[in-house]
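Please look at the sequence and the structure below before going through my points. I have kept the note brief.

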Amino acid sequence: TSAVSAHVFEDLRRADAPFDRLAPMRPANAAVSANGLTTSVSATLVTPDYFELLGVRPALGHLWSHAQEPVAVVSWRFFVETLQGDATAIGRGLTVDGATRTVIGVLPADFH
C-alpha cells in the first residue's frame, strides 16, 4: 500500500486506470470505550467498498450499510476480549475517540 491524497484517489478512480475498483483505507490509533473500559486500539478507517473488494464476509452482523453512519466493525479479538463475545453488542454503541459509533458487524477470526 502507499499513501495518496484524496485528490489523487479521485483522479485514479475517474481515470482509465488499470483498476476495476479502488477502496482506500487509512490506519489509525483510537481510544475506544465499551463496557465501562477505555482502551487504545489499532484501527483502520475504510470506505464502504473495502470489505467487499477483499471478499470478506462478517462473522456476525454485516460489514457496511450506506444508510448507517457512523458505524464500527470490530475485529474478532475485540469482540471476544472487550465485548465478551456478546452477540447483542451488534446494534449497540461504543465510543471511538469521543464519538459514538454503532457496532454493525464483527470480522472473522482469520481476518487481519
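This is a predicted model: local features need pLDDT of at least 70, side-chain atom pairs count only at pLDDT 80 or more; totals for chains, interfaces and linings use all residues.

1. The largest nonpolar core is made up of 13 residues. V32, V74, F78, L83 and L94 have the most contacts inside this core. Two or more residues each come from β1 (25–34), α3, β5 and β6 (99–106). The element that gives the most is β1, with three residues.

2. Leaving aside residues up to four places away in sequence, V32 touches L37, T38, T39, V41, F78, L94, T95 and V96. F78 and L94 are, like V32, among the residues with the most contacts inside the largest core.

3. A further core, of six residues, lies apart from the largest one. Its members include V46, F51, V56 and L63.

4. The largest pocket holds about 1,000 Å³ of space, and 33 residues line it. Nearest its centre lie S42, A43, T44, V73 and V74. By class, the lining has 20 nonpolar, seven polar and six charged residues.

5. Which elements give two or more residues to this lining? They are β1, β2 (37–46), α2 (50–54), β4 (71–74), α3 and β5. The largest share, six residues, comes from β2.

6. T82 is in the loop between α3 (76–81) and β5 (93–96). Is T82 buried or exposed? T82 counts as buried because its relative accessibility is 15%, and buried means under 20%. Not counting residues up to four places away in sequence, T82 touches A34, N35 and R77.

Note on methods:
Residues are numbered from 1 along each chain as its sequence is written. Side-chain values use heavy atoms; hydrogens and water are left out. Helices (H or I, at least four residues) and strands (E, at least two) are DSSP runs, numbered from the N terminus. Buried means under 20% relative accessible area, exposed over 50%, partly exposed in between (1.4 Å probe, protein chains only). Contact means heavy atoms within 4.5 Å. A nonpolar core is a set of buried Ala, Val, Leu, Ile, Met, Phe, Trp, Tyr and Cys residues joined through side-chain atoms within 4.5 Å. On a 1 Å grid over the protein atoms alone, a cavity is a set of points where a 1.4 Å probe fits but cannot get out, and a pocket is an open set with protein on both sides within 12 Å along at least five of seven lines; lining residues have an atom within 4 Å of a point. Grid points are joined across faces, edges and corners, and a volume is the space filled by probe spheres set on the points. Ala, Val, Leu, Ile, Met, Phe, Trp, Tyr, Cys and Pro count as nonpolar, Asp, Glu, Lys and Arg as charged, and the others, Gly among them, as polar.
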